[in-house]
Amino acid sequence: MNFKSRVLLFTFLLWSAGLFGRTEPIASPAPASSVVQNPTTTSDDSVGPILLRDESTEQVLALLERWTGKTILRPQALPAATFTLTLKGSVTKAEAIRALETLLNLNGIAVTPLDEKFSKVTALATARSEAPELIDGSTLSLPPTGRFASKIFQLNFLRVGEFIPQIAGLLNPGAGSPPVVFEKANAALITDSVSNLQRIETLVARLDQPQLGGMQAKFYTLHFAKASDVVNKMHAILSGSLQSQLGTATTYNADDRTNQLVLISDSRQHPFFDDLIARLDVKSDPNTRNDVIYLKHAAAKDVASILSQLVTGQNNAAKATGQAESARAPVAPPATVVTQGPGNSITTTTVPAALGLALEPTSQFSSLLTILPEERSNSIVVSGTVDDLRLIGELVAKIDILLAQVRIEVVIAEVTLDDNATSGISALGLKIEGNKLVGFTGAGAGFSVTNGVITRPGPLDLAAQISLATTPRKSNANILSVPNIITTHNKEGKIFVGEQRPVISSYLNDTVATGATGTGYRSTVSSKDIGIQLSVKPLIGSDGSVQLEIKQEVNDILGDITIDGNPQPRIGRRSTESFVSVKSGETIVLGGLQRTSQSRSTSRLGPIPLIGDLLGSRSQGKTRTDLVFFLRPTVLTNTPADNIGALQQVEQFPKEQREKIKQTLAPIKGS
């Protein structure tokens, strides 16, 4: 293109920009490729259309000087850049100035007004230190532009130390150093373009609100449920991701004094809580029931103790098992939860993996079960769920049963031993195998003995059996007692044959501290059992076998001994403990509790005591005795058959006495 053509094109551009023949700044010539169509005539306050293509910084600053009427001060070096701008149609000077200021800002150059005559431009990174305009008041009334300015943001509710890092990504990255934070004043000085300051001010207006902004308190008076129970149930229902949707500001607490539930939440959540609380506050049957189980045979205290230990042990074992299974459970992968928020917005939340699967410990009994004994009525009071009552009822039915009973016939005989006898059993001529009486040495009228088996119609009581064991009955045996014991399974029965002797157990000196003597000593006397004591605890098997734990103890007076001037008896003590097993009806023989006693005698000759004693004869002897215990346990069947033996013994009584006993034992008519 020749020189004349270029002059014509430049003149056309000036006319198109509305600058020809006017005092507005003239844009530098556009390249030949720039095309302007439909040029319009503009007023004095408008310019355009404008086309800039790859113009230099100097050309843009020259346009800015002409349109603002200010002298622009600039440093020796500015960031190198080329500018392209297209403004179609006519625009006001203010709009064109905003466009150029924003265009310079985008290319790393900041425009800072100084006064009515001057403005300055600097590199964007150093604009903060060049005292940019400080805007006092709101920036929202200003037109948005890329012009650099500063503003102090004073926060009322937000913490400036937390707010500034959150908006750091919204600031111009080329602005250099970050905002200046004033922690004590809870304020920050931010230097950026006016448009950015406007956006930050809008955010502050929206976010710098009280934390309870929009929150409202609502009180729910409950009619059936307990407030704390409803709150606990709501915590269980609204846990996890549901709680995150409600927000951390939403709280609900119980006031048991007034039985109210206090809710603090956004009013938009109230309908949700209205429905949830209404469905939880309904009339329902209690979770627990109470029942009284009357016992027929067992003791209430013992049954309650057994059941309580069983329930406690089982629940503890189930709890320990549940914890162990939870520790071994695999870790679940993170879950993604998609929720829909206000305005149909979609939120995706990643829930961290749980540490283990929540396993519910399984147990037969609930933690609500309570068992108490009521000894007055021999019953147990049970409180728990319906299943608890059913299970306890089944257990009680199996525990509260009539235990097997046993009648133990006992014969205690004292046998005098001669020099050839080693025990009372051998002296009586009894045949014993394993403590069991299995044979006799003799026969009697009306019966015969073959290998220890008595053949005689009807039962024979133990005392009669032992009395007929020898013929004629030996004079060296003396039956001391023939008691009977009736006891139940695992319940101890006792027999005592003897007397009680007073024994001084302690002395109290009555002498006072001054040395005066009172009555001397005062004695405390207690009673001492002297005689034969037998205790038997049976364990009855289902096959008719009986295991007997037998304790024998014999106390004898051996003489006297003087203690502190008081004669005291010398007591000889013999005791044994045995554990034997027999069948019902077998006889057990226990012996070996021997005692040796010495005796002296003198016969007197003549009436003079001393001379008669000296001239008379004297004798002394040693006597050995052995206590032999005969025991015959018979398992009772709890039927009339248990009384056959006693009734047959009654038949041996005189007729008048026999009829009286039968009349007494006969059942009352109509009963």
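Tutor: Welcome! Strands (E, at least two residues) and helices (H or I, at least four) are DSSP runs, numbered from the N terminus. In this structure, Leu372 sits in strand β18, residues 370-374. The model is predicted, so local features need pLDDT of at least 70, side-chain atom pairs count only at pLDDT 80 or more, and totals for chains, interfaces and linings use all residues. Residues are numbered from 1 along each chain as its sequence is written, and side-chain values use heavy atoms, leaving out hydrogens and water.

Student: In what order do the three strands of the open sheet lie?

Tutor: Strands pair if DSSP finds at least two bridges between them. Here the order is β12-β14-β13, with antiparallel pairing. β12 (215-221) and β13 (251-255) are the edge strands, each pairing on one side only.

Student: How many bridges join β12 to β14?

Tutor: Seven, with β14 covering residues 260-266. Look for Met215: its bridge partner in β14 is Asp266.

Student: Which strands of the sheet does helix α6 touch?

Tutor: Contact means heavy atoms within 4.5 Å. Helix α6 (residues 227-237) packs on the sheet and touches β13 and β14. For directions, axes are lines fitted to C-alpha atoms (for helices, over the stretch in contact), with angles from 0 to 180 degrees between N-to-C directions. α6 makes about 155° with β13, while helix α8 (residues 270-280) lies across β12, β13 and β14 at about 15° to β12.

Student: Is Ser150 buried or exposed?

Tutor: Buried means under 20% relative accessible area, exposed over 50%, partly exposed in between (1.4 Å probe, protein chains only). Ser150 counts as buried because its relative accessibility is 5%. Ser150 belongs to strand β9, residues 148-154. Beyond its neighbours within four places in sequence, its contacts include Pro132, Ile135, Leu189 and Leu197.
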